[in-house]
Amino acid sequence: MYKYNSTEDRIRELSYLLEQKRTNELSELLRRTNPVDIVEFLEGLTAEEALVVFRLLKKNDAVEVFAELDSDQKENLQQALNENEFKALLRELNFDDMIDTLEEMPAALVQRILRSSDAETRNLVNEYLKFPEDSAGGLMTTEFVELKAYMTVREALAHIKKVGNDSVTVYTCYVTSPTKQLLGYVSLRQIVTNKPNTKIEELMYEDVIAVQTTDDQEDVARKFQKYGFTALPVVDNTSRLVGIITVDDIMWIIEQEATEDFQLLAGTRPDEEDYSKTSPWDLAKNRIPWLLFLMISATFTSTILRGYEYVLQAAIALNMFIPMLTDSGGNAGSQSSTLIIRAMATHDIETSDWAKVVLKEILVGLICGLALGIVAFLKCFFFDKVGVQVSIIVGITIVAIVVMAKTVGSLLPIIAEKFGGDPAIMASPLISTIVDSLSLIVYFTIAKMLIAGL
């Protein structure tokens, strides 16, 4: 049997077999290919070719591949399959994947699918579609193993065998009361390593960590990161177990939230579409508002320069150091804001820690500022030949600007969080614009104080 050194080798072989219409060999190779790699293979095919490949997949593989496709690929495939094929495919999906798919489908198609579904499925789907997309209820699945405290190990194993194939995980089983209140959980390892007559209530952990249906997806992600679970139970406001969230679903959420923060840090409006699939027009629409805001904000710089024009006239040499000073302030502020935004995202710091954060950043600013100020003085005096007075002004200003920039850069994200905003909004472009204006005020104020006659 040929050994593939990489995914690329396998995809090339799949492409060759498809091109040569060697369907038997293609079907066999698809059977031995990871569904994630099949998704990558499908990305490079036309809609007609993708349909041919999809119909060659075994049922279980087809379900896994479909669940991994992005929304555009799912829609293309849905349009290519006949309605009966698509409904059969939906029925085989895990419940959470089915909900995600229905949310992406046209409303008319969803209604047709629901009308042809049994009453239980229809009621469940309608109930789940009510949850906000970014809530725990919108992420959860109902396909989990539920045990009763009075069961024996023997009875529990029999139940797991009965429902296991339809559950997203069997490694953690949840114990509920007759009215479905969550009592605890027990691992499959504990069940299989204990005596057949042992009661589940003797094995279960009662200190169970759960999330509520209304919890935000970011809060759910933090619980996964904190406790290292592979699944979390979801309860309603009466503590009834209604579903679970698995780690593979939350990994996507973590990636999505990180992407949104990066977009805000770059000074652009968050976009759910991948960069490669977003048109230049849509990219421009997301960037123009921020660029306009930053451009208008930057007019404060020219206003400040006009206000201190007489200072510049008294010491023309001051003009040549403005770019160096504003750049230093912007860089120092961006450093602090980026670190604080990340620390707040990981809950390393909270808004209540603002005093500690500001004090620390002032000390950091003093150390950095003194180092930069000494170098700036030496550069001005020895290389730029501007004289001691202006060199001292620039050196002192650098110290003051760096302290100010780091204080502002650390404080603004905390203020944004305090008032319900996203700390990432206080990103590099905005911090730089604010610090540029403050830097000029600091510069000219120090110059005015130190140059005689101003």
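Predicted model: local features only at pLDDT ≥ 70, side-chain atom pairs only at ≥ 80, totals over all residues.
Let me start with the chain as a whole. The chain has 454 residues, and 44% of them count as buried. DSSP runs give 23 helices and six strands. If you take contacts between residues at least 6 apart in sequence, 65% of them join residues at least 24 apart. The accessible surface is about 25100 Å², and carbon and sulfur atoms account for 56% of that.

Now the surface. There is a nonpolar patch of about 980 Å², and its members include I374, F381, I392 and L450. Three helices each supply at least two of its residues: helix 21 (354-383), helix 22 (388-418) and helix 23 (428-450). Helix 21 gives the largest share, five residues. L450 sits in helix 23. Its relative accessibility is 38%, so L450 counts as partly exposed.

Next, the rings. The whole structure holds eight aromatic pairs. One of them is F66 with F86, an edge-to-face pair with 6.1 Å between centres and 70° between planes. F66 belongs to helix 5 and F86 to helix 7, so this pair ties together parts 20 residues apart in sequence.

Another edge-to-face pair is F144 with Y174, at 6.4 Å and 85°. F144 is in the loop between helix 11 and strand 1, while Y174 is in strand 2, 30 residues away. F144 counts as buried at 12%, and Y174 is buried at 2%.

Last item: ring pairs join F54, F66 and F86 into a cluster.

Technical notes
Residues numbered from 1 in each chain as written. Heavy atoms only, no water. Helix = DSSP H or I, 4+ residues; strand = E, 2+ residues; numbered from the N terminus. Buried < 20%, exposed > 50% of the residue type's maximum accessible area, 1.4 Å probe, protein only. Contact = heavy atoms within 4.5 Å. Areas by Shrake-Rupley, 256 points an atom, 1.4 Å probe, with all protein chains shown as cover. Patch = residues over 30% accessible without salt bridge, like charges linked within 9 Å, V, L, I, M, F, W, Y side chains within 5 Å. Salt bridge = Lys/Arg side-chain N within 4 Å of Asp/Glu carboxyl O. Phe/Tyr/Trp six-rings, centres within 6.5 Å; stacked < 30°, edge-to-face > 60°.
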